[in-house]
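Here's a quick briefing to read alongside the model. Take a look at the structure first, then work through the topics below.

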Amino acid sequence: MIAETVCSAVAAAGLGIAAVTAYRKRFLAATRIAAYSLVPLGLVMTGVVDWLADTAFSPTAWAGFGVLGLSWVLFSTTRALERRRGGTRKERRAAARGARQEAVAPTASAPSLGPAARTPATRPAGKTGATGSAADDFSDIEAILKKHGI
């Protein structure tokens, strides 16, 4: 009963301030003040204030909020640990199995391009200089890039 009276008084005071603000030709501010002042009155009329008052003085309700909080803490902790480890146990096992199957081939460390790998027909045309053709200059770079899979 006291909460309803206080909310009604706050709404009446807010509407009074809105009227004074509108009198000063600040209509946008007056409308905003009126909107804010009608919120407590709406809460009283819908019964939210009664529900909050009943909940605030109920030990069972507070115990329920405690259980909900504990549940949230446990859930967020497990999600954080799951993200840190990289997923669920089943997902980690599947990833480990996939990593073993995608092992590097034994010949991957050998250069992909050897002297017989290129024929003269497949060499790109380049300018010849004192040290040889431009294709010879880039063949070492191509070999390194292909070795690393680029």
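Buried means under 20% relative accessible area, exposed means over 50%, and partly exposed is in between, using a 1.4 Å probe and protein chains only. Keep in mind that this is a predicted model: local features need pLDDT of at least 70, side-chain atom pairs count only at pLDDT 80 or more, and totals for chains, interfaces and linings use all residues. Residues are numbered from 1 along each chain as its sequence is written, and side-chain values use heavy atoms, with hydrogens and water left out.

**Helix H1 on its own**
- Helices here are DSSP runs (H or I, at least four residues), numbered from the N terminus.
- H1 buries Glu-4, Cys-7, Ala-11, Gly-14, Ala-18 and Thr-21.
- Looking down the axis of H1, those buried residues fall within an arc of 110 degrees, so they line one face of the helix; the arc is that of the directions from the helix axis to the C-beta atoms.
- On the other side of H1, you'll find Ile-2, Thr-5 and Tyr-23 exposed.
- After H1 comes Lys-25, with a positive phi near 70 degrees.

**How H1 and H2 pack**
- H1 (residues 2-23) and H2 (residues 27-46) pack at about 170 degrees, with their axes 8 Å apart; axes are lines fitted to C-alpha atoms over the stretch in contact, and angles run from 0 to 180 degrees between N-to-C directions.
- That makes H1 roughly antiparallel to H2, a label for angles over 145 degrees.
- Contact means heavy atoms within 4.5 Å, and the residues that meet include Cys-7, Ala-11 and Ala-18 in H1 and Ile-33, Ser-37 and Leu-41 in H2.
- By class, this contact has 16 nonpolar, 4 polar and 1 charged residues; Ala, Val, Leu, Ile, Met, Phe, Trp, Tyr, Cys and Pro count as nonpolar, Asp, Glu, Lys and Arg as charged, and the others, Gly among them, as polar.
- The cover over the buried residues of H1 includes H2 and H3.

- Ala-9 lies in H1 and is partly exposed, with a relative accessible area of 46%.
- Ala-9 and Ser-37 are 28 residues apart in sequence and 9.7 Å apart in space, C-alpha to C-alpha.
- Thr-55 belongs to H3 (residues 48-56) and counts as buried at 14% relative accessibility.
- Leaving aside neighbours within four places in sequence, Thr-55 is in contact with Ala-61, Trp-62 and Phe-65.

Technical notes:
Helices (H or I, at least four residues) and strands (E, at least two) are DSSP runs, numbered from the N terminus. Angles under 35 degrees count as roughly parallel, over 145 as roughly antiparallel, 65 to 115 as roughly perpendicular and the rest as oblique.
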